[in-house]
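This briefing goes through a protein structure topic by topic. Please look at the sequence and the model first, then read the points below.

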Amino acid sequence: MSRTVIHGGLVVTASDEIHADVLIEGGRIAALAAHGTDPATSWSADRRIDATGMYVLPGGVDAHTHMEMPFGGTYAADTFETGTRAAAWGGTTTIVDFAIQTMGRSLREGLDTWHAKADGRCAVDYGFHMILSDVNESSLKEMDRLVAEGVTSFKLFMAYPGVFYSDDGRILRAMQRASGNGGLVMMHAENGIAIDVLVEQALAEGRTDPRYHGDVRKVALEAEATHRAVQLARVAGAPLYVVHVSADEAVDEIAAARHKGLPVFGETCPQYLFLSTDNLAEPGFEGAKYVCSTPLRPREHQEVLWRGLRNNELQVVSTDHCPFCFSGQKEMGRGDFSKIPNGMPGVEHRMDLLHQAVVDGHLSRRRWVEIACASPARMFGLYPKKGTIAPGADADVVIYDPGAEQTISAETHHMAVDYSAYEGRRVTGQVRTVLSRGVPVIEDRAYVGHAGHGTYLPRGTCQYL
Ligand SMILES: [Zn+2]
């Protein structure tokens, strides 16, 4: 079995910061030992990685990505190949992407389609959630089978009428099923029926610029849907995970539910923590780059999101990576913001942006690792294989240089998209080397991985229940 030793670094997990060497054997973490101790100095190895002055982190787990997702007549620009490569560049070694059930078709057919897209193409490991677009007797039965085989989470939409939207009755049925089979319902919580009325009125009045995307998708309509989702989950006796929480009042709803002891969890994304409606209002058509749903909010929401992450009102930061090129894709919405494909690139920069939050004092180092690695792994049944550095865990390891300075730019990023939402932003901290199951994928800032190294991960059920 091949053996690797990472020596001299500071191992940071969700629970500890340990000055320790790490022994990797056959793709898994075999042992940790304090620097300079007998065990550490006696380890023989085929490869030694000097991590002096570096952090040694578990690989990031991005539990919300949409590679090559169809939306509004086009496809998200990253394939599983380019998207997982970009993820690796940014220190993310596991993604959980969303397979989509097409209206009128089975869950199985959707899942097979996504397997075919990803199989043999990924640079790092991947799993799937399932988007439930058509809740009926047969798709409800299929949920049980999917949970049993490792697709244990199901996303429903209170937004996008006519596309992914489910009414309250369908949502309740899916939640009831999940309460029996151990599945976790993930909710896009926005009142899409009301939003569509506001969209129609805005367009009729000539308010067509990207900024109006943020205007019509009101905070109150995110908060109301979040509240309703919590109550439906409560009635069904099911756990609930609210995706991409962007508004202060939605955080309040989740916090209130958790305070009552309900199994309700919240996710936010870097775009809500670092960007705002100021970006949506950028002149010309530039604001289209920042069109995603839920939308960016006024700046004052950011502090509430940071506080929520510190207080564990929010548990996970994922990217909702769903990139569309400015040229040719975002441009489909010139003169009509409702035609701008919803989504932003981000899979490459989540770990770095959250490290910047450590530098800025929003988060501790251990909380950084928790919300970016350990909690998503636990939430979606992958822990401790993923999300930590401990004996027996997969050797998904990031050697992170906390003092390196970098400027985020489309010129240098690796995502297959022609702009960066963080263009020109200076951040402190950068990935140096990334191992996936002990195999180098990034080595001293060079890509040494390959498509097909990444394997599919059947998942267990939520480990917070
Ligand atoms: Zn999404």
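Along the chain, the donors of the zinc ion follow the spacing H-x1-H-x253-D. H64 lies in strand 7 (residues 60-65) and D320 in the loop between strand 16 (316-317) and helix 13 (350-359), so this pair ties together parts that are 256 residues apart in sequence. Helices (H or I, at least four residues) and strands (E, at least two) are DSSP runs, numbered from the N terminus.

The model is predicted: local features need pLDDT of at least 70, side-chain atom pairs count only at pLDDT 80 or more, and totals for chains, interfaces and linings use all residues. Residues are numbered from 1 along each chain as its sequence is written, and side-chain values use heavy atoms, with hydrogens and water left out.

**Zinc site**

- The protein donors are H64 (NE2), H66 (NE2) and D320 (OD), which lie 2.0 to 2.3 Å from the zinc ion.
- Donors are N, O and S atoms within 2.8 Å of the metal (3.2 Å for Na, K and Ca); water is not among the atoms, so sites may look incomplete.
- H64 and D320 are both buried, where buried means under 20% relative accessible area, exposed over 50%, and partly exposed in between (1.4 Å probe, protein chains only).

- D97 is placed in strand 10 (residues 92-100).
- A salt bridge is a side-chain nitrogen of Lys or Arg within 4 Å of a carboxyl oxygen of Asp or Glu.
- What the side chain of D97 does have is a polar contact with the side chain of T65, at 2.6 Å.
- The backbone nitrogen of M67 is 2.8 Å from a polar atom of the D97 side chain.
- A polar contact is a pair of N or O atoms within 3.5 Å; within protein, one must be able to donate a hydrogen and the other to accept it, and residues adjacent in sequence count only if both atoms are side-chain atoms.
- Not counting residues up to four places away in sequence, D97 touches T65, H66, M67, F80, W114, G127, F128 and H129, with contact meaning heavy atoms within 4.5 Å.

**N342, in a loop**

- N342 sits in the loop between strand 16 and helix 13.
- Its relative accessibility is 10%, so N342 counts as buried.
- The side chains of N342 and Y160 are joined by a polar contact of 3.1 Å, and the N342 side chain also reaches the backbone oxygen of I340 at 3.0 Å.
- Leaving aside neighbours within four places in sequence, the residues in contact with N342 include F71, H213, C292 and C322.

**Helix 8**

- Helix 8 (residues 219-236) has 18 residues and reaches 26 Å from its first C-alpha to its last, close to the expected 26 Å at 1.5 Å a residue.
- The expected span is 1.5 Å times one less than the number of residues in the helix.
- Among the buried residues of helix 8 are V219, E222, R228 and A236.

**Salt bridges**

- Side chains of opposite charge can pair when their charged atoms come close.
- The count of salt bridges comes to 25.
- E149 and R108 meet through their side chains in a salt bridge of 2.9 Å, N to O.
- This pair links distant parts of the chain, with E149 in helix 4 (residues 137-149) and R108 in helix 3 (residues 107-118), 41 residues apart.
- E149 is partly exposed at a relative accessible area of 36%, and R108 is partly exposed at 27% relative accessibility.
- R367 and E370 form a salt bridge of 3.0 Å, N to O, between their side chains.
- Both R367 and E370 lie in helix 14 (residues 365-379), three residues apart, about one turn of the helix.
- R367 is buried, with a relative accessible area of 11%, whereas E370 counts as partly exposed at 23% relative accessibility.
- A network of salt bridges links D125, K385, K386, D394, D396 and R437.
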